[in-house]
Amino acid sequence: MAAEPAPDVLDAFEAAKGFMPVKEGLALYAAAAEAAALGLPLMEIGTYCGRSTLLLADAARAAGVSVITVDHHRGSEEQQPGWDYHDPDTVDPQVGRMDTLPTFRRTLHRAGLEDHVIAVVGRSPQVAALWNTPLAFVFIDGGHTDEHAVADYEGWAPHVAEGGLLVIHDVFPDPVDEWTGQAPYRIYLRALDSGAFTEISATDSLRVLRRTGAVV
Ligand code: SAH
Ligand code: MG
């Protein structure tokens, strides 16, 4: 049986604000737990309020590695005021813009998982440009435009260590299922086409690929 999160973490996950259904979350946790055994850090692109981060943190804690989670915390296009995925509680009234960092910090603190997570506040491509450490696991769950998804793939996929996992969320092969576009699906196809990754599982819109080739 695949590894499962600690019961208190699962409760915190189910209570947390965010965009990760339970079934996909369990698949995400199982992949993170498996990859963490490589003894290298786990990377998440797209923190939002920390819902998925909780699961990665639990897997990292068990393996004695860290999670790095990257987000500018100003929200994706479809999360802005007036759009379908907007939550007014995420707006900082003093600034008049979204700021999901405070909620993220509360989520992690309440679950007792702060010590296992390094939060990076910034734009994914800017952080990727400075990154130079092999990763056991990269979870791409950031912006859904082609510009963002392509930059996430190009910036982070090369850092997945041989035998490590690349996980992509919101992969919708059928355009009728699409709610924020098919950019994640296109980077998933690109990863497979590159010859560097092999698919190992699919759970609804979550795809888990293993790095099996040298050149991304
Ligand atoms: N993993 C979260 C959901 C992430 S939503 C969960 O489980 O609930 C997508 C997030 O990506 C948003 O918080 C948004 O601010 C962030 N994001 C979008 N484009 C980004 C970019 N280019 N750099 C950093 N963060 C980005
Ligand atoms: Mg998502």
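Predicted model: local features only at pLDDT ≥ 70, side-chain atom pairs only at ≥ 80, totals over all residues.
Asp 141 lies in the loop between strand S6 (135–140) and helix H6 (146–156). Asp 170 lies in the loop between strand S7 (160–168) and helix H7 (183–193), and the pair, 29 residues apart, links distant parts of the chain. Helices (H or I, at least four residues) and strands (E, at least two) are DSSP runs, numbered from the N terminus.

Asp 141 also contacts ligand 1: an N or O atom in the side chain of Asp 141 is 2.8 Å from a nitrogen atom of the ligand. A polar side-chain atom of Ser 52 lies 2.8 Å from a ligand 1 nitrogen. For Ser 124, a backbone N or O atom lies 2.9 Å from a nitrogen atom of ligand 1. Taken alone, ligand 1 exposes 580 Å², and the protein buries 98% of that (Shrake-Rupley method, 1.4 Å probe).

Residues are numbered from 1 along each chain as its sequence is written. Local features need pLDDT of at least 70, and side-chain atom pairs count only at pLDDT 80 or more.

Conventions
Chains lettered and ligands numbered in written order. Heavy atoms only, no water. Polar contact = N/O pair within 3.5 Å; in protein donor to acceptor, adjacent residues only side chain to side chain.
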